Amino acid sequence: MKAIVTVVAKDQVGIIAAVCGALSEQQINVLDISQTILQDYFVMIMLTDLRACPISFAELSELLAETGKAQGLDIRIQREDIFNAMHRI
């Protein structure tokens, strides 16, 4: 399964490292990544592959939210099929 991970935060050093580290610990591969700075805010969208992830999607979502909270980041994850359905016209 693929999923979309979004990250929004005040720009600071180590955001990409923190998010990619948390994903790597769960055997999640980053397939594509886009990031930018909008004024003082760091915004990142990642397409990830969850096939090797050993925990449930719900556990992963909670883990990422907790990781983000500890670092002042808003990290969210959404299944790719749900994301695509929401953005279909």
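This is a predicted model: local features need pLDDT of at least 70, side-chain atom pairs count only at pLDDT 80 or more; totals for chains, interfaces and linings use all residues.
**Exercise 1. Find which residues Val7 touches, not counting residues up to four places away in sequence.**

Step 1: set the cut-off, since contact means heavy atoms within 4.5 Å. Step 2: list the partners of Val7, which are Ile15, Val19, Phe42, Val43, Met44, Leu73, Asp74 and Ile75.

Residues are numbered from 1 along each chain as its sequence is written, and side-chain values use heavy atoms, with hydrogens and water left out.

**Exercise 2. Describe how helix H1 (residues 15-25) and helix H2 (residues 57-71) pack.**

Step 1: their axes (lines fitted to C-alpha atoms over the stretch in contact, with angles from 0 to 180 degrees between N-to-C directions) come within 11 Å and cross at roughly 150°. Helices here are DSSP runs of H or I with at least four residues, and strands are runs of E with at least two, numbered from the N terminus.

Step 2: H1 and H2 are therefore roughly antiparallel (angles over 145 degrees).

Step 3: Ala18, Ala22 and Leu23 of H1 meet Leu64, Thr67 and Gln71 of H2.

**Exercise 3. Decide whether Thr48 is buried or exposed.**

Step 1: locate Thr48 in strand E3. Step 2: Thr48 has 0% relative accessibility and so counts as buried (under 20% relative accessible area, with exposed over 50% and partly exposed in between; 1.4 Å probe, protein chains only). Step 3: leaving aside neighbours within four places in sequence, the contacts of Thr48 include Met1, Val5, Leu23 and Val30.

Methods:
Angles under 35 degrees count as roughly parallel, over 145 as roughly antiparallel, 65 to 115 as roughly perpendicular and the rest as oblique.
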